[in-house]
Amino acid sequence: MTTSSPRFLPMASHGCSCCGPASHVDTAPIPAASDSSAGGSSPSYQVTGLTCGHCAKGVTQALQALPQVDDVQIDLVAGGVSTVTVTGVVPPEMVRRAIEEAGYTVLS
């Protein structure tokens, strides 16, 4: 007989912005975004603090709420530097602000 227990995604030991206190700070910045506001551009942003799918979902929802965002793709590196790519016509400052307001850090 097998028993079924709830499945939980492991949380990084340092916590995350959505699941606990964030204490992870990277010291080696990576270039953040290509500064293009031309139609249909897809700039990428280097973001720290994303440690799980819930974190990525929160950032995705924050960015999709911005006007003229067509798509958001996140290459999640739990506890490291994740790449967030935004397709649409949206100023990089708005993207950075939305990510930071969601509780994460955009490297510059």
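Leaving aside its neighbours within four places in sequence, with which residues is Thr-60 in contact? The contacts of Thr-60 are with Val-72 and Ile-74, where contact means heavy atoms within 4.5 Å. The structure is a predicted model, in which local features need pLDDT of at least 70 and side-chain atom pairs count only at pLDDT 80 or more, while totals for chains, interfaces and linings use all residues. Residues are numbered from 1 along each chain as its sequence is written, and side-chain values use heavy atoms, with hydrogens and water left out.

The secondary structure of the chain comprises two helices and four strands. Helices (H or I, at least four residues) and strands (E, at least two) are DSSP runs, numbered from the N terminus. Read from the N terminus, the order of the elements is β-α-β-β-α-β. Of the 108 residues in the chain, 33% are buried; buried means under 20% relative accessible area, exposed over 50%, and partly exposed in between, with a 1.4 Å probe and protein chains only. The chain has an accessible surface of about 6,400 Å², and carbon and sulfur atoms hold 53% of that surface. Accessible areas come from the Shrake-Rupley method with a 1.4 Å probe, and for residues only the protein chains shown count as cover. Among contacts in the chain with a separation of 6 or more, 65% are between residues 24 or more positions apart.

The four strands form an open sheet in the order E2-E3-E1-E4, with antiparallel pairing. E2 and strand E4 (105-106) are at the edges and have a single partner strand each, so one side of each is left without a neighbour in the sheet. Two strands pair if DSSP finds at least two bridges between them. In general, strands of a sheet pair through backbone hydrogen bonds, either parallel or antiparallel. Strand E2 (residues 69-75) is joined to strand E3 (residues 81-88) by six bridges, and the two run antiparallel. Asp-75 has Thr-83 in E3 as its bridge partner. The hairpin of E2 and E3 has five residues between the strands, and in this hairpin Gly-79 takes a positive phi near 80°. Strand E1 (residues 44-48) and E4 are also antiparallel and are joined by two bridges. Opposite Thr-48 stands Thr-105 in E4.

Helix H2 (residues 92-101) packs on the sheet and touches E1, E3 and E4, its direction making about 20° with that of E1. Axes are lines fitted to C-alpha atoms, for helices over the stretch in contact, and angles run from 0 to 180 degrees between N-to-C directions. In H2, the buried residues are Pro-92, Val-95, Ala-98 and Ile-99. These residues cover an arc of only 130° around the axis, which puts them on the same side of H2. The arc is that of the directions from the helix axis to the C-beta atoms. The buried residues of H2 pack against E1, H1, E3 and E4. Exposed residues Glu-93 and Glu-101 are carried on the face of H2 turned away from its buried side. After H2 comes Gly-103, with a positive phi near 105°.

Helix H1 (residues 53-64) lies across E2 and E3 and runs at about 160° to E2. The 12 residues of H1 should span 16 Å at 1.5 Å a residue, and the end C-alpha atoms are 16 Å apart, which agrees. The expected span of a helix is 1.5 Å times one less than its number of residues. Cys-55, Ala-56, Val-59, Thr-60 and Leu-63 are the buried residues of H1. Seen down the axis of H1, these buried residues fall within an arc of 135°, so they line one face of the helix. An α-helix has 3.6 residues a turn, so residues three or four places apart point the same way. The buried residues of H1 pack against E2, E3 and H2.

Thr-60 counts as buried at 18% relative accessibility. Val-59 is also buried, with a relative accessible area of 1%. Apart from neighbours within four places in sequence, Val-59 is in contact with Leu-50, Ile-74, Ile-99 and Tyr-104. The C-alpha atoms of Val-59 and Val-72 are separated by 9.0 Å, and the two residues are 13 residues apart along the chain.

In the loop between H1 and E2 lies Gln-68. Gln-68 has a phi near 70°, a positive value in a residue other than glycine. With 54% relative accessibility, Gln-68 counts as exposed.
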